[in-house]
Structure formats: structure tokens, C-alpha cells
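Trainee: Could we go through this structure together, one question at a time?
Mentor: Gladly, let's have a look.

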Amino acid sequence: MAPLEGLRVVEAALGISAVGAGPAVSLPGTLLRDLGAEVTRVRPARRSTLDAGVEFDRVWDRGKEIVEVGDDPGRAAGAVAALARDADVLVVAGAEDAVERRGLRYQDLARESPRLVVTRVRPSHNALGPVPDLELLVHARAGLLTQIRGHRPGPVFGDLTVASAGAGLSATAGTLARLYERESTGLGGWVETSLYDGLQALLPMIIGRVEHHSPSTTLLWKEQGPAEALSYRCADGEYVQLWFGAKGAYEAFLDHVGDPPSEKGYNADLMSGAMVERGERWAAMFATRDRDRWVEDLSGKNFRCEPVWRPGEALRDPHVREIGLSADHHDPDRGAITALGPVVRVTRTRDGAPRGGGAPTAGDAAGPLAGVRVLDLSAYLAGPIAPLVLAGLGADVVKVEPPGGDAHRGMEPMFAAGQRGKRALALDLKSPGAPAVLERLFRWSDVVHHNSRVGAAERLGYDEETVRAANPDAVYSFASGFGERGPRALLPANDQLMQALAGVEAAQGGDGRPPTYLVWGAVDVTGGWLAACGILAGLYARRRRGGGQSVAGSLLGAALTLKSGAFRTADGVVGGPVLDAEQTGYGAAYRLYQGGDGAWFALAVPDERAWNCLREVTGLDGLPATPPPLRTGPSGPQPEETLLEDAFRTRDAAAWTAALRAAGVPVEPVPDADRTEFAAGFVDDPVNRRLGRVVGYRWGARGRVDQPALPPRVGPGPETPAPAGIPGLGEHTDEVLRELGLDAAGAGTTGARRRQDE
């Protein structure tokens, strides 16, 4: 039985463009659909002109019942309200004029349907005011466009929709948490997020401020990451992506290709820039053979070499098909298509009585997951994000790490992004006393989560069979790299490799240009959010119908989720809008422009009305009456782009921004922000602080740290404070062991004494 079987979900996008913000509303319905819910999609008959010729909805709306409404806002809202009366969940996005002022407030809907969960993707705003629900403008407002290394100086258009994807993921997690709580209280509630929130939800690795820098915080919280991206052009013009993150991988590669050994090691070479000189030699080496020959030569090693594919190309890969991430469907217009399959699977493992988490203790935080106990056996970045999300929703999380510390304690921005608000237990899993401690922890837990390499859990004693022997009703979550089976299953994985395989790097590089690696950790964090959603669905199913639940996801599935609008037909790949070679945008109506003073601004024209206003402001006779469709294939600049580029160079960017805004054209200046200013824009913003979007704490030698808070806002009820503070290694070992009825000496643990990081 699917975990959400019988749930009815209504998904309404009122005035929202699929290109501009589609995943924010489509992704929750897609994930809930794949977990067994019945989803009805409400959409206006008139679409944004940005979506002309773009076929994302062909994939995102598959399996959903479609209800089209007319252009009258009152009738559209009335249709949504009528459908919501018989639903369990309403996910709705649009301007306040289309939602709250049309009777779709939670308070109005709850009077008729007190069990309804209303998930609202609100218009974005910060201290500078509101921002339209258009990804490009949110990126510009946040300063993200200056955090991309491009092929030219200046800001770069962000192809990856991190803001809307983050909003969609946080909306899904909040929805599932409210449903879990509803099984206990009988009442629904509300969930609230936005594209601006979503950007912070996917980028905690690069949004941070520290009082006293270390080499690793300097690398990611002051600078824009490693200078060498490890991507190289082969003789056939295609690219490969290298990765050396596994132990000994860097040294093995240097030996394999005959490069001189490193005196200081991989991380030191990466942070110091020493890798750049090696990269120049490697570029000449890779240019001597075709990509397939290099991949064949370097495959199966501890170091990794993967092809850089374009969006949708991974769907043909045998491994992707074998693990179910590539699925065939019949489309009424396109015929047979291949699209992304379910990225999270939740399976009931046994019958049992319905049960929730343990009873909340006096020290538990408020929140829908109060009383839920989570055992976090994960590492790096992708694994720990899921328990962090659960902690933010009220769960009690115990993080287990070896006496020497998690592998990422030395990469502090990554560690800080996923470890706040947990209790830390130091345990040598290879020690004689470890099995007894783990057995008690398994019995204590509602959730056991890890992201180890396939086979590692069996060797270390926390595989699913061992966990279920102690606790048959646990929610067991395994977030693998490439899935638990298939030819790549045993290989190490990371964010950068997945960007290459999913098409993220190729798409961001622009038409005909080299791939661009986004040093953001967005794929890792997406994997964490997806695991959290699977765990929440498992907790809901266990509380609703009983029985143990098994949750499976992968980093590969997370990467493909970020490019889920791409699909394949008999004629080839349909990948969506194509970024131009100069990395300015998708076409005349949705791109960056430069003013006469050299400053930049972002223009996003969602309809004919705004286009006509643009024509009036610029006074250009050569612009057509309707905006040109976005590029969906390789091509040069649109004639309209050339006209507008020339016109915008005649005045300063600020003057154009003011004139266009006054005429009602969506536009946003692009600040020239370095990484420090980019982070400060979030953590110092008074609206962010008032809404609880920022969390601050002290962290040993790093001093004061400020970061974004991840989970969505939920209510009604007491607000759950964001988890704050990173525990020292083994800080809570004695405390946790006492709760388990053990003591450090008797358990044979190491690192039981509280330690603070220096």
C-alpha cells in the first residue's frame, strides 16, 4: 500500500509561469502523487507568454487530474475553494489578489474544512519589498547571479531553478509534517514558504557568516569555492567530469595518469589553488581522446570520471533505467515519452498497529514532530540535511559520529549546513561495545537514517535487517548515491558528478560553451530534502496504518529532480529553455541586460501587457506586438534581444530599472555582490530576522555564526524555533547513554567526555 494512498491533493497555480516558478507548485504535487496521493491540478486557461513552446507541464502534470479555469480571478478562486472542500491538502501559489483576497485564506477554508492542510507558496519579499514569483528576479534580488563563475565578467543568468525547487521541497516537507500531526489532533493547519525562502532552503552551504574565518570558511563563505572545476573537453568536443573525494582517490588518479604526487593532499591543493596548474596539464591530456574512451579507461576506479550530459540525456542510461529513475509513459500528444520516475520510494515492511513517535518530554521543542526520535548515522552534506529538517520541525535528533569526528568537520561550511540542533554521540562502530549501544539506539528511535556507501551499513551493524530485529516498526531511511542496485551502485558519488550527469553543468554553461560547475551544494541539499520528505511520508503512514516503513532515495534522483522538466521522445530530448552562449538568459523577454554605465539588471516579461509596456518605455518600433518565445534549441541571439541590448546601453541601468518599474514591467537590479555581501544580504535583512529565516549561535573558534533557517513556517500552534548551535564532538554522549540505560565505560565507547571544537 502506498504511504499516501487515499489522500486527495489540490494543486493551484494562479498566474504562475512554469518557467518562472513552476517547481514551487508542481513539485509538491508530483512528489505526493508518486507517494500514492490523488492530485488535481488547477490552472488558468491563459498561460504566461514565457511558457509558449516550453513543455515542462507535460511531465510535471502527468498522472494529475487537470481542471482548467477561465481568466476571471473570482471564478478561478471559487473553483479552487470548491475542490478544496473535499481535499486533504491544498497547495496554492499566486499573488494575494488571486488568493487571499479571493477567499482562499487558510482561516476561511478551515471553517468549512477543519482537517484541510493549506500549503501556501507566498510572493517573495524582504526588506527591499516584494518580488514577483519569477525565478530570475528572485535570483537577482538575492545577489545569486554574482555567485556563478561565467565565461565573461559580470553577473551570470542562473539556469538552475534553486528558488522554486527549494520552495517546492520545503512546501512538501511542511505538508507531510502537518498531515502527520493531523493523525493525532484531527485538525489540519497551514504551511508557508516562498521562492525567496526556497533559495535559502537549497543553499545553506554558501549562505553563512562567521566571525573568525578558517581556510574552509574562507573558501565557501568568503570566496566562491575551488578555482579548478575538474571538467575537461575531449577530442570529440564532449566533456568529462572528475572527482577525487573518496579516500586515496586523488593519489590514485595522479599515479594512473603519471602526474607528480601531491605533497599536501587533495583538500590542501583544492583550497590553495595548486590544482589549477595540474588542470592545465590534464586539459591537454583529455583533448587527445574521445569522451567514451576516457570514461571507459577511467571507470570503476576509486577516483571518478563521468560524462557531462545535457538535460534529459541521462534518461537513456541503462543504470538510470534499471533503478527506475527513467520511466516510459504514453502522452496523448507526443506518444511514447521517457521521463523521470519516482525519486523517493516508501514501502511498508510489516503489518502493525498505528503508532506515532514517543511522548514529548518537557525539554522537547514545539512542532509537528515533537516526540519523534531520529537516529542520524549519516555523513557529509546530503545525509545530515534530512535529520536537520526533521529537527527543525520538532524532532529529537541524535547524531552518531566516530571518535575522530565526522569527515566534514574539517569542511566547516558543509558541516554547519547540516548539523545544527542535534545531540552528538561519539561512538567507535568497530569497538566491541558498539553493537549493544546501537541495539539500544535502534529501540529508542522512530527513524534511522544514513547515506553510507552500499554495503557499509552491513559491515558496521546498522543495515535494515539488524535495525528491524531490534525495532520492527522503525522508519528506516537509506539515501544512497546511485541507488542500491545497478552497475553504478557501489561507486562513490557527490554533488559535482551528479551535476554532470543530470545536465546541470551543461545547461548552465550556455549554448555551445564549456560546462559551468555551480559550487553551491544544491544537489546534496536537494537529496536531503527528498529523504526528509520520504521519512515524513513513512512516519505518516506508520501513524495512520501501522507497520515499519522503508525509505529509499538517491543523490542521482535528487540531481534529476532539479532537471525534471526534461524528457525524451522518439525524436530526441526535449530539454526546455536553452541559455545563450553569453549566459545572459533564454531570450529577449527573460534575461539580463547591461546599462550604459556597465551595471546590470534582470528583465522578466510574463505576458503581453508587460511586453507592451516595455515597448512604450523603450520606444522601439522594431519590437513585435507579442514577446518572442524563449529559445528551446541551439540558436543565436533573437533580433529582439539585439534591439533591446542596444537601447539599454543608452542610459544607466538604474534609470532603466526605475522607468520600467514605473510602467509595471517586472525588473530587478543586479547588485555587484561578493560572497560576503551575498550572505549578509540574507542574515542582516530585518524581514528575514523577524520571520525567523536566520539563526545565530557561537561555534568554538569560529565565534559568532549566522545561517539561514531551513524548514517552512507551519501553524497554527507554537512556532518551532530553528535549531541553533553545533554540538561539540561527543558533547551529548553521556547524556544519551544515560537515557539508554548505559554508561560510557560499560558501553565501551570512545570520546564520551564532552569536547568543544577548537
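Trainee: Is Phe244 buried or exposed?
Mentor: Keep in mind that this is a predicted model. Residues under 20% relative accessible area count as buried. Phe244 has a relative accessible area of 1%, so this residue is buried.

Trainee: How are the rings of Phe244 and Phe253 arranged?
Mentor: A search of the whole structure finds 21 aromatic pairs. In the pair of Phe244 and Phe253, the ring centres are 5.0 Å apart and the planes are at 40 degrees, so the pair is tilted.

Trainee: Which parts does the pair of Phe253 and Trp282 tie together?
Mentor: These two rings form an edge-to-face pair, 5.1 Å centre to centre with 85 degrees between the planes. Both Phe253 and Trp282 are buried. Because Phe253 lies in helix 9 and Trp282 in helix 11, the pair ties together parts 29 residues apart in sequence: helix 9 (residues 249-257) and helix 11 (residues 275-286).

Trainee: Which residue lies over the face of Tyr180?
Mentor: Look for an Arg at 3.9 Å from the ring centre of Tyr180. The residue lying over that face is Arg543.

Trainee: How are helix 5 and helix 6 oriented?
Mentor: The axes of helix 5 (residues 135-142) and helix 6 (residues 162-185) come within 8 Å and cross at roughly 100 degrees. Angles of 65 to 115 degrees count as roughly perpendicular. Therefore helix 5 is, relative to helix 6, roughly perpendicular.

Trainee: Which residues of helix 6 does helix 5 meet?
Mentor: The residues of this contact divide into three nonpolar, two polar and one charged. From helix 5 come Glu135, Val138 and His139, and in helix 6 they meet Val162, Ala163 and Ser164.

Notes
Residues are numbered from 1 along each chain as its sequence is written. This is a predicted model: local features need pLDDT of at least 70, side-chain atom pairs count only at pLDDT 80 or more; totals for chains, interfaces and linings use all residues. Side-chain values use heavy atoms; hydrogens and water are left out. Axes are lines fitted to C-alpha atoms, for helices over the stretch in contact, and angles run from 0 to 180 degrees between N-to-C directions. Helices (H or I, at least four residues) and strands (E, at least two) are DSSP runs, numbered from the N terminus. Angles under 35 degrees count as roughly parallel, over 145 as roughly antiparallel, 65 to 115 as roughly perpendicular and the rest as oblique. Contact means heavy atoms within 4.5 Å. Ala, Val, Leu, Ile, Met, Phe, Trp, Tyr, Cys and Pro count as nonpolar, Asp, Glu, Lys and Arg as charged, and the others, Gly among them, as polar. Rings of Phe, Tyr and Trp (its six-membered ring) pair if their centres lie within 6.5 Å; planes under 30 degrees apart count as stacked, over 60 as edge-to-face and the rest as tilted. Buried means under 20% relative accessible area, exposed over 50%, partly exposed in between (1.4 Å probe, protein chains only). A charge sits over a ring if NZ of Lys or CZ of Arg is within 6 Å of the ring centre and within 35 degrees of the ring normal.
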